[in-house]
Amino acid sequence: MLTDKRLVKKYNEAGPRYTSYPPATFFNEHFGNDDYINSVKLSNNERPESVSVYVHVPFCPQICHFCGCTTETGFSRPFLERYIDAVVKEIEFVSSKIDNSRKLTQVHWGGGTPNAISYKYIEKITNTLKDKFDFADNYEMAIECNPAHLELRHIELLKKFGFNRISIGIQDFRDDVLEAINRRPSKRPIEDIISKISDEGFRGTNIDLVYGLPLQTVESFRKTIERAIKLNTDRIVTFSYAHVPSVIPRQKVLDDIGFPSSDEKAQMYEESYQSLINSGYVSVGMDHYSKPDDEFAVALKEKKLHRNFQGYCTRETTGQVYGFGASSISQLDSAYSQNIKTTSEYIQSIEKNGLAVLRGYSLSKNEKIIRHIINSVMCNYYVDLEEVSEYFNIPLSEVKEIINFSESNFDDFISDKLLTIQKNIIKVNNRGRLFTRNISMRFDPLIEKKIGTYSKTI
Ligand SMILES: C[S@@+](CC[C@H](N)C(=O)[O-])C[C@H]1O[C@@H](n2cnc3c(N)ncnc32)[C@H](O)[C@@H]1O
Ligand code: SF4
């Protein structure tokens with residue numbers, strides 16, 4: 001058994017998801033346009049050398065009640081055009097500050113629903129990127145797609161524009177679950193979409209599923225997983241539904257329908273984990289699964305898995321991330337910077353200043369070390385404090401001091417058999433995977449500050 005009801009009850013507390021460190025709740029509005037540009041210039045001499053780009057398209061034809069992403073609906077064509085022009089302008093401005101000998105290795109398009117805008121806009125932005133950046137030969141360019149708006153000919157167009165990865169948001173196959181969350185079902189059978197993606201030569205194809213949604217049962221999610229396995233994609237993500245209506249008011253309506261209990265959620269996690277592993281997938285991080293020959297599984301084996309706001313990536317290909325578009329987050333070695341979230345305000349700011357920074361955070365040296373440790377635990381279920389001391393070129397004693405490390409802080413996890421500590425190596429056991437957020441919190445001195453609202457860890 002991976003999950004144990006007693007442990008779920010014991011550890012199911014509110015905590016950061018650690019998609020960044022410090023978590024986005026620590027970003028502050030003292031950080032503005034000038035700080036961002038200074039950080040961009042600094043990033044030219046920091047690691048990793050390569051460049052990753054994130055493009056945010058904050059538009060959806062219809063908004064799902066469960067969604068935690070920053071997105072809007074009801075946009076007009078002229079407004080969309082102004083948005084695209086603003087993104088192009090932002091790319092032109094920021095790229096002029098980036099050392100052009102650095103290679104672009106990764107582009108990720110997220111949203112919102114990037115595949116629901118006109119494809120001529122997608123082409124316009126990809127052309128700007130190709131013009132302003134030097135693409136590495138083995139670059140990755142991925143796009144998140146909602147199958148309710150995806151035609152087979154769109155997949156051909158994406159290929160033509162240079163995309164080589166597609167992620168499809170399925171969430172659940174059941175129409176009543178989709179209806180409860182205000183989501184349209186796929187336009188075509190998902191099977192046809194996946195086979196077209198494969199025929200066009202895309203790699204690393206992913207599907208997103210969510211457990212813990214209204215009307216889902218352990219039995220129904222089991223069937224969802226069975227159908228997902230049959231699709232035979234390279235990657236499958238099973239997100240735990242994050243319900244935070246105080247932060248995302250659109251989620252409030254779901255309270256009237258109700259949710260599976262945390263025990264049922266834990267069982268959904270457990271069963272999906274077992275089924276996916278039994279059918280040959282490798283568990284990657286908390287909620288991702290990949291085929292054993294997929295780059296994620298290989299990176300995990302080599303302890304080179306990495307994570308950013310866009311999800312998992314490999315240390316080999318990922319670079320510092322430069323975000324474009326409303327609400328996008330740039331993730332540089334020394335700073336995080338987030339753009340204005342409302343599209344109309346973002347457009348106005350870009351038209352006026354070329355930039356639209358809302359808030360950000362400059363990391364101290366110690367925070368970079370803590371980030372490195374938490375990333376390692378979250379991605380690779382493992383951290384070797386001696387390796388950390390070598391990587392940052394500081395004594396081991398200093399690393400331990402920065403994270404307030406003492407084995408006794410982990411006594412409960414050790415006695416619950418969630419992890420082991422030997423010779424400065426902390427290893428999360430299979431049983432402990434569900435609790436990696438709780439484990440990471442023990443390395444985080446900022447957790448005491450309790451800034452912001454977090455979802456439950458399980
Ligand atoms: C931008 S959407 C993906 C693309 C497209 N908009 C779609 O819905 O298919 C990103 C993913 O985040 C996940 N997600 C959104 N809100 C969530 C929440 N509250 N809890 C857990 N996962 C969530 C969903 O699985 C979704 O597919
Ligand atoms: S889940 Fe996707 S389609 Fe639904 S509102 Fe969120 S971004 Fe839009």
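**Where the domains touch**

Tutor: 11 residues of domain 1 are in contact with 9 residues of domain 2 (contact: C-beta atoms, placed from the backbone, within 7 Å). This is a predicted model: local features need pLDDT of at least 70, side-chain atom pairs count only at pLDDT 80 or more, and totals for chains, interfaces and linings use all residues. Residues are numbered from 1 along each chain as its sequence is written, with chains lettered from A and ligands numbered from 1 in written order.

On the domain 1 side, strand S9 (residues 305-308) gives the most, with 3 residues. Helices (H or I, at least four residues) and strands (E, at least two) are DSSP runs, numbered from the N terminus. By class, that side has 6 nonpolar, 3 polar and 2 charged residues. Ala, Val, Leu, Ile, Met, Phe, Trp, Tyr, Cys and Pro count as nonpolar; Asp, Glu, Lys and Arg as charged; the others, Gly among them, as polar.

Now step back. Domain 1 spans 23-362 and domain 2 spans 365-449; such bounds come from an automatic or database domain assignment. Their C-alpha centres lie 27 Å apart.

Helix H2 covers residues 33-43. Its Tyr36, Ser39, Val40 and Ser43 are buried (20 or more other C-beta atoms within 10 Å of a residue's own; exposed is 12 or fewer, partly exposed in between; C-beta atoms are placed from the backbone). Down the axis of H2, the buried residues fall within an arc of 105°, so they line one face. The arc is taken over directions from the helix axis to the C-beta atoms. The face turned away carries exposed Asp34 and Lys41. The buried residues of H2 pack against helix H3 (77-95) and strands S11 (320-324), S13 (335-339) and S14 (357-362).

Key
Two residues are in contact if their C-beta atoms, placed from the backbone, lie within 7 Å.
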